[in-house]
Amino acid sequence: CCVRPPRRRSSLPAAMADLDAAEDAAKELLGIMEAFPRFKERAVDPLHPEGERGALVFRGPLKLVQTVSKLTCASKASTVGDRFKALLSRSKWVRQEELEQALDGADGLDGLDGRLAAYDPAREYVAVVVAELQRGPACWHQVGGGHPASIEDSGPWLYVLDHGTSRAGRRPGFSYTGSLRPYRVSPRRPVAEGILLPDYAADGDPRAEQAAPARSTPPVVSAAQAEKLRAVCRMGREIVDAAHRVIKPGVTTDEIDRVVHDKHMEFGAYPAPLNYHNFPKSVCTSVNEVVCHGIPDMRQLEDGDIVNIDVSPIFDGFHADLNETFCVGPGVTQKKKDLIKASHDSLMKAIDACKPGFFYRDVGGIITSHINGCGFAVDKTYCGHGVGEYFHCAPNIPHYAGNKAKFVMKVGHCFTIEPMINTGTWKDVHWADGWTAVTKDGKPSAQFEHQLLMHESGAEILTARLPTSPPLWWEEGAQPGAATPVL
């Protein structure tokens, strides 16, 4: 997106070094502009009449360009006005018809006329950085985008890498299997004072969970603990429903994260995904070919998408865990709808079979039998799990037939069943962020999850839908109703 000026013939190494230094500083400045989604609205638009074509131009000696670049990139300010104070105080708006004169003699103008002619002033801007060098002025330029007003004035928004441990200003290279791509991710949202933090909230390492005996032996829930689980699971249900209500074309998955995060804060609960093994957000939003663990970002949902919302609040020392897959707009294909329904129905069939003495390994056979009959495939990488005092503990519950899972169901066991169902192959791969699992063939995937508590008579669905829950696609037009838990 940035254009490097051609190098003039010179035998002076110092001149080449200055050009390289100027290029580094200019690209850093242009990159940090892109990392603030409200830059156009807060920095560029106030400088010119609406609809006027032109460019934001920052020009100065190399030392000034380097200094402003360093100050801007090193700043901890999160809003456009504060972060770009030094840049904007030295920049000006230049109308398109005046740019040629303003940049006369500068190297690097190739492509600028095309960008000025093609960009849309209503949603884009052109930025130019000019460094005055001993060899003459050199410039770099790019077209930046505006973003929906719902996106907060905060930054920088960056691409996630390495399981959340690092960030990048450019989209990572990857052999993407479908049409979906990662977008920039907003800074971490703060947790309200007074909310009890898990041990991983600061450094991403869930030490207590990893050391707990519950990792190898399914814990048995007491009556008092069961009441705490019911309370947190009710919160989880209401949080998923709140997210469901805002889903429509044009909404970003980051906006869904904001809704989910704010609902946790309202309840006084901690969102368990937030910094768990460095996951950067409070909810997983898995769109289309994403199997699970999608990271909320700047991408706007489109008519015809499907999106899974996976929520896990912690309250009073106990966890809830549930997810559902929803349609975005009226354009969702029947194939995708059938996939969603098959995932839901396979989960409910598995729950119906749960009772004391039932082998956890047999859950996968029930799910696989139903899914194969629908013409879809069960993802084999991920499984259900024990949950309660810890986010993940024993037992592990694979969703495919012929697995070797240990243990039988006992009264007091608390666990999830959460089949991930793929349109094509069961196989998945991971994006460069280390979290986002996508189908290997790029075809859609859907998932549903409930948290269950085992009783003598069967499984209580702790995360059951409520009378107020928004309808799933096959319930639309009918009065929403709660699933009846088995007690």
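Ala-437 in strand 20 is the bridge partner of Cys-292. Strands here are DSSP runs of E with at least two residues, numbered from the N terminus. The model is predicted: local features need pLDDT of at least 70, side-chain atom pairs count only at pLDDT 80 or more, and totals for chains, interfaces and linings use all residues. Residues are numbered from 1 along each chain as its sequence is written, and side-chain values use heavy atoms, with hydrogens and water left out.

Strand 20 covers residues 437–439 and pairs with strand 9 in the antiparallel sense over two bridges. Two strands count as paired if DSSP finds at least two bridges between them. The open sheet has three strands, in the order 9-20-19, with antiparallel pairing. Strand 9 (290–292) and strand 19 (428–430) are the edges; each has a single partner strand, so one side of each lacks a neighbour in the sheet. From one strand to the next, the twist averages 40 degrees. Such angles run from 0 to 180 degrees between N-to-C directions, with axes as lines fitted to C-alpha atoms.

His-293 is partly exposed at 23% relative accessibility (buried is under 20% relative accessible area, exposed over 50%, partly exposed in between; 1.4 Å probe, protein chains only).

His-163 also has a positive phi, near 55 degrees. It sits in the loop between strand 5 and strand 6 (166–168). His-163 is partly exposed, at 43%.

Now the cis peptide bonds. One joins Gly-155 and Pro-156, with omega about 5 degrees. Pro-156 lies in the loop between strand 4 (136–145) and strand 5 (159–161). Another runs from Ala-394 to Pro-395, with omega near 0 degrees. Pro-395 belongs to strand 16 (residues 393–398).

Note on methods
Helix = DSSP H or I, 4+ residues; strand = E, 2+ residues; numbered from the N terminus.
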